[in-house]
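Dear colleague,

I am passing on the structure below, together with notes on what I found in it. Please read the notes with the coordinates open beside them.

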Amino acid sequence: MIESAATLFKDQTRYFQGFEKKGLPNRKTERWKFTPVASLYQKEWNPQAAISAGELDEFSDFVSFDSLGELSKSKNCEVKKLKPSEIESFFQQFETTKFWQEDDSLFQWHLSQLDHFYHIKYTGEETLSLTHSLGSGALVNYGIVFEITSPKATVLESFLGTRGQTYHQTSRFFDLKENQDIKHVIVNEATPEQSQQIWTFANLDHDKAQYHGLQVNFGGGLVRSNPFINIQKPHSFGEFNGFYFLTGADHFDFYSQIKHFSGETESNQVVKGLLHDQSKFAFTGNIYISKNSQLVNAAQFNKNLVMSNQAQAFGQPQLEIFADDVKCSHGSTTGQFDIDELFYLNARAISPTKAKRLMAQAYGLELIQMVDNDVLNTYLTGKLTSKLKTAYGESR
Amino acid sequence: MIKINDLHVTVEDNEILKGINLTIKPGEVHAIMGPNGSGKSTLAKVIAGHPSYEVTKGSIEYTINNQAKDLLELEPDVRSKEGIFLGFQYPIEIPGISNLNFLQESFNEVCEYQGAPKMEEKEFLDFLQPKLEELKMTPAFLYRPVNDGFSGGEKKKNEILQLKILNPRLALLDETDSGLDVDALKVVAGGVNSFKTKFNSTLLITHYQRLLNYIEPDFVHILSCGKIVESGDKSLALKVEEKGYDWLA
Ligand SMILES: Nc1ncnc2c1ncn2[C@@H]1O[C@H](COP(=O)(O)OP(=O)(O)OP(=O)(O)O)[C@@H](O)[C@H]1O
Ligand SMILES: [Mg+2]
């Protein structure tokens with residue numbers, strides 16, 4: 001049990017007090033009702049030697065973090081650890097933005113415990129690959145501010161579950177420029193004994209900014225992802241999609257807020273996945289459209305395929321719409337594979353297991369193929385294919 | 001080839017098939033006609049093993065290579081591997097799986113089952129090429145998701161393409177002629193005729209006599225209210241065309 005703030009910067013004490021005022025969430029806390037996290041904060045964590053993440057061969061521009069959050073390498077991009085005064089002023093400014101939510105006690109806890117805060121400047125135009133190593137029995141907290149200089153680029157973050165337990169908390173901050181198009185893909189391969197908090201803040205405060213977020217979640221004992229997008233200038237577009245493939249006792253809680261503070265903006269969200277065994281998935285999709293934001297177009301769709309009797313999916317859209325001339329659609333379904341589709345494949349000699357694998361693959365590829373970046377596409381397709389082979393077997 | 005004996009089938013507590021008897025020998029072509037909702041597609045799907053239909057009585061015996069099998073004991077994919085092919089009245093769209101991937105998986109499953117070598121993509125494409133040409137399909141169909149956005153006629157051609165790829169022993173073609181233009185009908189009929197050998201059998205389900213001008217049936221049956229109420233030769237189809245079904249008691 002942690003009883004005080006870390007010592008990276010001064011305001012951490014204040015954030016810790018902010019956390020203490022609210023305390024740990026329980027089952028009655030609205031934004032945490034599907035996911036019991038308290039025990040993770042009460043546990044003793046004993047960090048062992050760091051495990052390095054290594055780099056992904058597919059991508060030449062990379063940064064990698066070991067399992068204690070230390071940066072080990074960098075190429076084609078500038079990475080620096082921010083000084084206490086710089087972190088201080090970053091968060092003081094952040095507190096004035098519409099992202100700041102006083103009552104989000106666990107985010108304040110995360111800030112109070114940050115032991116690293118990085119600034120990553122990427123000048124390339126292709127894919128910046130970040131690898132995060134999970135494990136080491138450690139409680140880890142770090143944050144990353146991205147500065148992307150080119151008009152169009154992709155940031156791929158891969159969480160690689162190596163070995164051992166961890167409670168791994170990271171936050172990332174994007175501030176998009178005018179006309180900038182950023183793709184941000186998170187691939188999570190945490191193991192069942194690893195838990196995470198993943199915060200993403202994408203600020204679209206310039207004309208014609210486009211932010212395309214996607215999390216592909218392949219596991220994790222308890223994974224909470226909190227993508228927040230604020231769309232504040234006209235002709236901007238924000239999306240955060242999700243695909244998950246859960247087995248065993250995996251638990252994935254996807255809690256997103258997409259907020260329109262300007263008219264003539266668009267957002268989209270498709271969240272879907274497959275639940276096996278005793279796994280659980282919870283989706284909260286908040287869409288907020290402020291009073292003066294006319295001509296907004298927002299769409300949200302959630303589809304869960306439940307492959308076992310013990311698996312559970314919870315979904316709740318939360319629409320808060322204060323403007324009247326807007327289009328906002330949302331839908332949520334939970335079910336199983338379509339019996340006629342499966343039969344069609346079976347009637348063509350494809351065994352039930354393989355038919356399910358093909359359909360699961362098709363289901364995931366629909367989202368992956370929306371990422372318009374060939375190298376990344378191939379990488380993600382390969383990942384999905386190999387996950388499915390492991391889960392459903394090579395052939396029969 | 002297939003011997004259906006007193007087959008009763010229910011779906012959601014409704015009895016749809018009420019005692020079907022039908023025997024098809026190797027090399028024969030049978031046609032089934034009958035009013036809408038009489039149970040034609042149900043019969044075809046039960047033979048192929050659709051899980052939604054419950055067989056409450058009767059049997060289906062399937063014989064190939066002089067070996068008789070209780071068809072109802074076999075899983076749908078095994079029935080297909082054993083040479084049963086259902087051409088769907090409404091081919092299913094599967095977004096996200098490319099047609100090529102689907103056809104190749106399907107073909108290789110059968111190869112594996114029959115102990116033949118599997119084909120890699122390139123070899124498989126070469127194998128497909130003449131079949132596509134014969135059906136007047138462009139290779140673009142291979143790279144689209146299975147049946148997704150295909151026109152009605154294109155879906156039916158895709159079914160015949162699968163028939164030609166899998167080369168089954170018993171083809172059940174459920175209204176494969178519906179929705180085809182005159183030229184496509186000839187192409188599709190040509191595809192079915194090229195499948196015809198003295199070892200293979202075909203069961204055609206159709207509403208139209210015109211198909212039977214292209215594919216000559218040895219027998220025509222009328223299915224009505226879950227029973228075969230009349231059987232005869234192809235002149236029966238002409239009679240239906242002329243008089244409808246009312247004259248049948
Ligand atoms: N899965 C199902 N659930 C409920 N009813 C069904 C199902 N499948 C078939 N039926 C019913 O069974 C009856 C026979 O249907 P079937 O599709 O076999 O008719 P058909 O002879 O092929 O008709 P058509 O000429 O219109 O294609 C119909 O009344 C149909 O509504
Ligand atoms: Mg029918």
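Which residue's side chain does a polar contact of 2.7 Å join to that of His110(A)? The partner is Asn141(A), whose side chain makes that contact with the side chain of His110(A), where a polar contact is a pair of N or O atoms within 3.5 Å; within protein, one atom must be able to donate a hydrogen and the other to accept it, and residues adjacent in sequence count only if both atoms are side-chain atoms. Asn141(A) lies in strand β6 (residues 138–148) of chain A, and with a relative accessible area of 1% Asn141(A) is buried. Buried means under 20% relative accessible area, exposed over 50%, and partly exposed in between, with a 1.4 Å probe and protein chains only. Helices (H or I, at least four residues) and strands (E, at least two) are DSSP runs, numbered from the N terminus.

Some conventions before the rest. This is a predicted model, in which local features need pLDDT of at least 70 and side-chain atom pairs count only at pLDDT 80 or more, while totals for chains, interfaces and linings use all residues. Residues are numbered from 1 along each chain as its sequence is written, chains are lettered from A and ligands numbered from 1 in the order in which they are written, and side-chain values use heavy atoms, with hydrogens and water left out.

The ligand site

Ligand 1 is surrounded by 15 residues, the closest being Gly37(B), Lys40(B), Ser41(B), Thr42(B) and His207(B); a residue is counted here if one of its heavy atoms lies within 4 Å of the ligand. By class, this shell holds four nonpolar, eight polar and three charged residues, where Ala, Val, Leu, Ile, Met, Phe, Trp, Tyr, Cys and Pro count as nonpolar, Asp, Glu, Lys and Arg as charged, and the others, Gly among them, as polar. Helix α1 (residues 40–48) of chain B supplies the largest share of the shell, three residues. An oxygen atom of ligand 1 lies 2.8 Å from a polar backbone atom of Gly37(B), and an oxygen atom of the ligand is 2.9 Å from a polar backbone atom of Gly39(B). On the side-chain side, an N or O atom of Glu175(B) is 3.4 Å from an oxygen atom of ligand 1. Taken alone the ligand exposes 640 Å², of which the protein buries 66%, with accessible areas from the Shrake-Rupley method and a 1.4 Å probe; for residues, only the protein chains shown count as cover.

The nonpolar core

The largest nonpolar core has 114 residues, and those that touch the most other members are Leu274(A), Ile2(B), Ile4(B), Leu7(B), Ile47(B) and Ile97(B). Such a core is a set of buried Ala, Val, Leu, Ile, Met, Phe, Trp, Tyr and Cys residues joined through side-chain atoms within 4.5 Å. Its largest share, nine residues, comes from helix α6 (residues 352–368) of chain A. Domain 1 (12–336) and domain 2 (339–396) of chain A both give residues to this core, so the core lies between them; the domain bounds come from an automatic or database domain assignment.

Helix α5 of chain A

Because six of the eight residues of helix α5 (residues 339–346) of chain A are buried, this helix is largely enclosed by the rest of the structure. The buried residues are Glu341(A), Leu342(A), Phe343(A), Tyr344(A), Leu345(A) and Asn346(A). At the N-terminal end, Asp338(A) caps the helix, with a side-chain oxygen 3.2 Å from the backbone nitrogen of Asp340(A).

Backbone angles and single residues

Most residues other than glycine have a negative phi. Asp6(B), however, has a positive phi near 45°; Asp6(B) lies in strand β1 (residues 2–11) of chain B and, at 26% relative accessibility, is partly exposed. Lys136(B) also has a positive phi, near 55°, and sits in the loop between α4 (121–134) and α5 (140–143) of chain B, where at 63% relative accessibility Lys136(B) counts as exposed.

In chain A, Asp181(A) belongs to strand β9 (residues 181–189) and is buried at a relative accessible area of 14%. The C-alpha atoms of Asp181(A) and Pro151(A) are 6.1 Å apart in space, although the two are 30 residues apart in sequence. Asp104(A), in the loop between α3 (84–94) and α4 (105–113) of chain A, is buried at 7% relative accessibility.

Best regards
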